[in-house]
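Hello,

Here is the structure I promised to pass on to you. Please open it beside this email and follow along.

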Amino acid sequence: MNNNRKVVLWFRNDLRLHDNEALQEAISNAQELYPIYVFDERVFQGSTKYGFRKTDVFRAKFIIESIHDLRNSLRHKGSNLMVRIGKPEEVLFDIAKELKTSWIFCNRERTDEEKQVQDKLEQELWTVGQEIRYSRGKMLYYTADLPFPVTHAPEIFTQFRKEVEKFIPIREPFDIPERLPVISDEIEFGQIPTLSDLGFSEDDIERAEGTLLQGGETAGLERLDYYLWKSDHISEYKETRNGLLGMDYSSKLSSYLSHGCVSPKMVYAELSRYEKERIKNKSTYWLYFELLWRDFFRLMGKKHGNDIFKKHGLKRKRRDDLSDDMALFRVWAEARTGVPFIDAAMLELNTTGFMSNRSRQNVASFLVNDLNVNWQIGAEYFESLLIDYDPCSNWCNWNYVAGVGNDPREGRYFNTIKQAQRYDPDGAFVKHWLPQLDRLDGHYVHQPYLLSEEQQDEYQFTLGKDYPKVCVKLP
């Protein structure tokens, strides 16, 4: 190893110092280390196929906060973070040429748009005798440790789980480095953009105030510590995970995991320590179970490539019954369906950038199975708004609901009213987001469309005025 090297460390969806393999590799090969994050103009200012902002204000805010936190952490270790806006393959190539670096280190991404960026950068670097050194940082398990190659990964989650969970050890997370290699003060580090710099309006920025979580590694590790050690909420996770209101019915770690503010190995390490020192039960297992699902979807994204984004999905199953009816889609997206459980969930998403897992399954099923609207539009809408958006998890979950995923069950239909009555029996969730329904009681909270004209007079409530009429006939 020659230590007389200048190295660029490209942060992507690994916005942390702990358990960062690319950081560890870069340190071991660098005399001078230049960390950088590039706000990809296509991701932060571009649009999806169906015209949604690719990254809406909620996720943009979370990432900006995460970059501020990352820069502060690097400064405490004697380094700093360069920040740019542009196309990463162009920005990084220019910096590599200017600094005459030896390598760019980064964690590899596996989905198409991210692959195109890293492939283009790799080709450009070859022209000047430089290269990318890839590491891994998204999964709980190393693919090299799995008992099968990615191309032969089991198609059914249960089979995958049985082949992995009791047989394959999970590696320990890397520690945070004590110090980092020097970085020249002559470098222009750049300003971290504000939301207005990224093109968001004042109304957008005001809307972002509804977000529930602070971005960054510091906040992510604090949330992990709180959910396990300070509150012991993990010990009842299996019983509370289908909750709808509040912060503590679930771990709320998904946003930190999707942006790499917290690594899955770190979550598992803390979970294992908790099980040894406090309690090991079905609830602690269930958090590991959810991490396993994340790995499974990641493997499906690697194995099937762009099929997860196509209408036919992993099954290559035609869904000609689903239309691109944007007017009907907007009724769903704008919480005007007349079905309170659906509208409340969509209002939560539109207001906070978050939605519970139970709500996600229900609104997705309603769009696909009740409105017969193309599931890809819903998946893109989630991609735009969700703080915790992860390509593989989002699109593979939509594959499932649309019946085009690798799901052994056929017809994964959610009966919205039964779901509402089971998971929101007193209507607290619905009334929180739809206060105009406060005056209703009993089953009318979830089915106001059943009110007769006399009952509407009695409740002083008018369908079509106080709340929309139902947009579709329900079973």
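In what order do the five strands of the open sheet lie? They run E3-E2-E1-E4-E5, with parallel pairing. Strands, like helices, are DSSP runs numbered from the N terminus (helices: H or I, at least four residues; strands: E, at least two). Strands pair if DSSP finds at least two bridges between them.

Before going on, note that this is a predicted model: local features need pLDDT of at least 70, side-chain atom pairs count only at pLDDT 80 or more, and totals for chains, interfaces and linings use all residues. Residues are numbered from 1 along each chain as its sequence is written, and side-chain values use heavy atoms, leaving out hydrogens and water.

The sheet's edges are E3 (82–86) and E5 (131–135), each of which pairs on one side only.

Now look at helix H18 (residues 416–423), where Thr416, Ile417, Gln419, Ala420 and Tyr423 are buried. Buried means under 20% relative accessible area, exposed over 50%, and partly exposed in between (1.4 Å probe, protein chains only). The buried residues of H18 pack against helices H14 (340–352) and H15 (357–370), where contact means heavy atoms within 4.5 Å.

Happy exploring!
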